[in-house]
Amino acid sequence: RTYNVGDGRLHFHIKAKDNAGNWGAVTNYTVLVDASAPSTPQIVQLSQYTNTTFVTFNWTESKDSDSGVDNYTLQVSNSSDFSTTTFYAWVGNVTNYTVTGITPDATYYARVHSRNLAGVNSSWSDSVSTEIDTTAPSITFTKPSSTGVVVSQDVVLVVRTGEKATCTYREGADSYKSFAYTNSTYHETGA
């Protein structure tokens, strides 16, 4: 007989009788029906930039009141549509995982979903991204001139960096100071 039921537990009590009329002991069996997906975990937004070739991804715990959650899939890609995969695996019943060996100087996207004990997956979480940047910015002086000789006592330093950066400077053993204009590829101390 086929039973068409919703999510929940079915308790069966089974006994057998042989041809001679002998009844065996009752055997009890419980079936858990769970066709509902677990809740969607939410991956935690990463720092916009990181300077390592490993990244730890964290997410919220998924819930499934019927059978429980038993695993999470983490997908990491260098394309926002996940058409290529850098890392794709079931990582266990955990809420964080460290992916190693990521190629530097690229942007990576990550998302996660959960699976319950019945094998039903949740939806994918929203994706998060981080840029892996292991190369320090280059600095080129543009002012004062290459001779380093100036006419004014109000010395203005101007430098350009090979990528967006923030710059600081110091004169002699003084403490470092921030450039007046910075956080781009153009940096100026001001007079």
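Strand E3, residues 49-50, pairs with E9 in the parallel sense over two bridges. Two strands count as paired if DSSP finds at least two bridges between them. Strands (E, at least two residues) are themselves DSSP runs, numbered from the N terminus, as are helices (H or I, at least four).

Before I go on, a word on where this comes from. This is a predicted model, in which local features need pLDDT of at least 70 and side-chain atom pairs count only at pLDDT 80 or more, while totals for chains, interfaces and linings use all residues. Residues are numbered from 1 along each chain as its sequence is written, and side-chain values use heavy atoms, with hydrogens and water left out.

Back to E9. The bridge partner of Tyr-49 in this strand is Glu-131. E9 also pairs with E8, in the antiparallel sense and over five bridges. There, Tyr-109 stands opposite Ser-129 of E9.

In what order do the five strands of the open sheet run? The order is E3-E9-E8-E5-E6, and the pairing is mixed. E3 and E6 are the edge strands, each pairing on one side only.

Now the side chains. In a regular strand they alternate between the two faces of the sheet. Buried means under 20% relative accessible area, exposed means over 50%, and partly exposed is in between, using a 1.4 Å probe and protein chains only.

Next, the core. Nonpolar side chains tend to be buried together in soluble globular proteins. A nonpolar core here is a set of buried Ala, Val, Leu, Ile, Met, Phe, Trp, Tyr and Cys residues joined through side-chain atoms within 4.5 Å. The largest one has 18 residues, and those touching the most other members are Ile-43, Phe-57, Trp-59, Leu-74, Val-76, Val-99 and Ala-110. At least two core residues come from each of strands E4 (55-58), E5 (69-77), E6 (87-92), E8 (106-116) and E9 (128-132). E5 gives the largest share, four residues.

Take Ile-43 as an example. Leaving aside residues up to four places away in sequence, its contacts include Phe-57, Trp-59, Leu-74, Ala-110 and Val-128. Contact means heavy atoms within 4.5 Å.

Last, the charged pairs. Side chains of opposite charge can pair when their charged atoms come close. A salt bridge is a side-chain nitrogen of Lys or Arg within 4 Å of a carboxyl oxygen of Asp or Glu, and the count by this rule is two.

One joins Glu-61 and Lys-63, with the closest N and O atoms 3.3 Å apart; both residues are exposed. The other is between the side chains of Asp-70 and Arg-115, at 3.3 Å from N to O. What does that pair tie together? Asp-70 is in strand E5 and Arg-115 in strand E8, so the bridge ties together parts 45 residues apart in sequence. Asp-70 counts as partly exposed because its relative accessibility is 27%. Arg-115, at 21%, is partly exposed as well.
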